[in-house]
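Hi there,

Here is the structure I promised to pass on to you. Have a look at it first, and then read on for my notes.

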Amino acid sequence: MQPARAPFRRSSAPWFLLLPAFLVMAYAFVLPMLVFFRYSVYTYERGKLIDEFSLDTYREFLTDPYFHTIIFDTLKVASITTLCSVLVGYPLAYALWRVKSAAAKRWLGLIIFSPILVSVVVRSYGWTVLLADQGPINWFLQMVLGFPEPIRLVFNLTGVVISLTHVFLPFVVFPIYSTMTRLDPTLREAAMDLGAGWWTTFRRVTFPLTLPGLLAGAQICFTLSLGAFVTPSLLGGGRVIVLPLQVFTATSDINWPLAAVGGIALLILAMLTVILSNRLLRFSEV
Amino acid sequence: MTSDVEFRDVSKVFGSFLAVDNISFSVPQGSFFSLLGPSGCGKTTTLRMASGFEWPDRGDVVIDGQNMHNVPAYARPTNMVFQRWALFPHMTVTQNVAFGLEVDRRPRDEIVRRVAEALELVGLTDLATRKPRQLSGGQMQRVALARALVKAPKVLLLDEPLGALDLKLRMQMQLELKRIQREIGTTFIYVTHDQGEALTMSDQIAVMNKGRIDQLDTPQAIYDRPATRFVSSFIGNANFLPVDILDCSDTVAKVSLGGVTFASMVNRKLSGKSGVVSLRHERIRIGNEAATSQIKTNATITDAIFSGAAITYVIRLEGSDAILTVDAPHDGTTAPQSIGTTVRVGWDGDATTTFGDRDE
């Protein structure tokens, strides 16, 4: 006699449910990726695209200091943005968690979420006005704090980081907040009962147990920063060239091999981030 | 005897709910003291006021001779074993137990020694490097106990620590807790809704009901001489039957239960003509056993339930038609009484307590 098996329908149901997602992935990700790889090995000569295998674009990308600077700047923008988002976001998540009144919690949550509700173009122009040499921040610095001349806050790295931090904040706050709400409140009581004050309780109990949320938020923020295009182009003022901008420029020049290689570089960076943070996550989880 | 913990006229209000209503008690040094009551009776709130997680709205909490007014939880000479143990999931057993000593910045070698001693006391030396998720409920319970005891608190507070364990393990842990308490001589304040737990382990029990302490006494006194109708019904199993009160003094009432008259205990002089007598299930004897009882009458067996160590009978008294439940021990040699037969039943008057009609 054959051993009993689960009916076919039951064992295959998950795969049927995954089918739509598979189809979308195949059409919108796998297929373009193949095209992408194909273009990356095309030859580009004097503004013309030639269907001839070559690794020249890769070689150029990896050896030319110009591209090194772009990769470095991309990582720099993403790192500083992530650092700032975490530094602002963790205390914010903590506050959201500790606020007692439900109404205050709702409003605070809405305010943290609000940057996502505003269009990226509008938000970027808004920041341009706020951060300009004649803007309110510089007015405050000069008139109230007595700075001799305006501080350049926009059309450079600072502006890009400020604006990116602003919009990615919710992506950092909510994962952290969610790990905090899942924290057993008696753990903090237990720590205090054993003689720990607020700071020791935070350092030895709350923080280590919310680290997975912090890492998840940081990962999202970092990958999103890597791919940001509009903000660096509007607030960077041409001085901050990141990979997405380079891809855009190369595409406009019909230098598709260079655009494809830039895109692949971006993809590899994102994948490395995911792998690295998954490693850290596994380490930080209980 | 000096007292380790003293509550003086303490009240606590949550919104409009009076959780603890003007209670006073003192816990003698080195004793096992239980706060027993149904959920919502204020026992946990009382314990949390001792630990410093709740602040009394009125009254004083005095621990080890010091008023705990404005003393935060981390500065009190108390440690707590939490209901679901609240072990730090990211720390090993050793790290959990060492936490309290590290926070106090004790020297390293002292920490190592005291943690080892605490783990030995609860029998967990072999599991020192495990994380909480690799432990069973009983083992987590022991870690929680070791973590609290390692700080050598004046008073150990336990908030239903056995509630999440299965029955067999719970019985075993009860004996173990009592052994540990005797061994180290620390004052234990134990919160539970389980009367069996409280009776087994305690030197003294405070039975709480609706934010008040109904009775504070030894387990035996609480069982045998319940101060209120609530205590009588909450602890053990009792029949409550309406009786006529023929005569009443400060301690004894002459009552009539459908023509059967006997002297029953009272806690105060009852003024009414009628009352309710509490008759414990196992205090009623049945068949030949009834011959030695002070009060004897006849009854018909209407139901018999065999439950191993005991047989539970439901009987109807002759004359009054009152329905009673009786727990008779099962000796393993005689057959249970069959349903429908008429048997002799009896009880002793001083094993009963009579309460007034409107008493709670």
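**Where chain A meets chain B**

A salt bridge joins the side chains of A:Arg204 and B:Glu102, with N to O at 2.7 Å. Please keep in mind as you read that this is a predicted model. Across the interface of chain A and chain B, the rule finds two salt bridges. There are also seven residue pairs in polar contact between chain A and chain B, counting pairs with both residues at pLDDT 80 or more.

On the side of chain A that touches chain B, the elements giving two or more residues are α8 (185-193) and α9 (198-227) of chain A. The most comes from α8(A), which gives seven residues. Sorted by class, this side of chain A has 10 nonpolar, four polar and three charged residues.

As for the extent of the contact, 17 residues of chain A and 23 residues of chain B take part. Together the two chains bury about 1,900 Å², and 65% of that lies on carbon and sulfur atoms. If you are wondering about the unit, the size of an interface is often given as the accessible area lost when the parts come together.

**Helix α2 of chain B**

This helix is worth a look on your screen. α2(B) spans residues 93-103 and is mostly covered, with eight of its 11 residues buried. Those buried residues are B:Val93, B:Asn96, B:Val97, B:Ala98, B:Phe99, B:Gly100, B:Leu101 and B:Val103. What do they pack against? The buried residues of α2(B) pack against α8 and α9 of chain A, and also against α3 (108-121) and α4 (137-149) of chain B. After α2(B) comes B:Arg105, which has a positive phi, near 55 degrees.

In soluble globular proteins, nonpolar side chains tend to be buried together. Here the largest nonpolar core has 71 residues, and the ones that touch the most other members are B:Phe7, B:Phe88, B:Phe99 and B:Ile189. Helix α7 (residues 157-181) of chain A supplies the largest share of this core, 10 residues.

Beyond its neighbours within four places in sequence, B:Ile189 is in contact with B:Val5, B:Val27, B:Phe33, B:Leu35, B:Leu47, B:Val155, B:Leu156, B:Leu157 and B:Leu158. Another core, of 35 residues, lies apart from the largest one and includes B:Leu127, B:Leu135, B:Leu162 and B:Met201.

**A closer look at A:Thr43**

A:Thr43 sits in strand β1 (residues 43-45) of chain A. Is A:Thr43 buried or exposed? A:Thr43 counts as buried because its relative accessibility is 10%, and the cut-off for buried is under 20%. The side chain of A:Thr43 reaches the backbone oxygen of A:Glu52 at 2.6 Å. Leaving out neighbours within four places in sequence, the contacts of A:Thr43 are A:Lys48, A:Leu49, A:Ile50, A:Glu52, A:Phe53 and A:Ser54.

**Chain B as a whole**

Chain B contains eight helices and 20 strands. Its C-alpha atoms fill a box of roughly 75 × 50 × 35 Å along the principal axes. Of the 360 residues of chain B, 51% count as buried. Among contacts in chain B with a separation of 6 or more, 66% are between residues 24 or more positions apart.

Happy to talk any of this through.

Best wishes

Definitions and conventions. Residues numbered from 1 in each chain as written. Chains lettered and ligands numbered in written order. Predicted model: local features only at pLDDT ≥ 70, side-chain atom pairs only at ≥ 80, totals over all residues. Heavy atoms only, no water. Contact = heavy atoms within 4.5 Å. Buried area = accessible area lost by both parts, 1.4 Å probe. Salt bridge = Lys/Arg side-chain N within 4 Å of Asp/Glu carboxyl O. Polar contact = N/O pair within 3.5 Å; in protein donor to acceptor, adjacent residues only side chain to side chain. Helix = DSSP H or I, 4+ residues; strand = E, 2+ residues; numbered from the N terminus. Nonpolar A, V, L, I, M, F, W, Y, C, P; charged D, E, K, R; others polar. Core = buried A, V, L, I, M, F, W, Y, C linked by side-chain atoms within 4.5 Å. Buried < 20%, exposed > 50% of the residue type's maximum accessible area, 1.4 Å probe, protein only.
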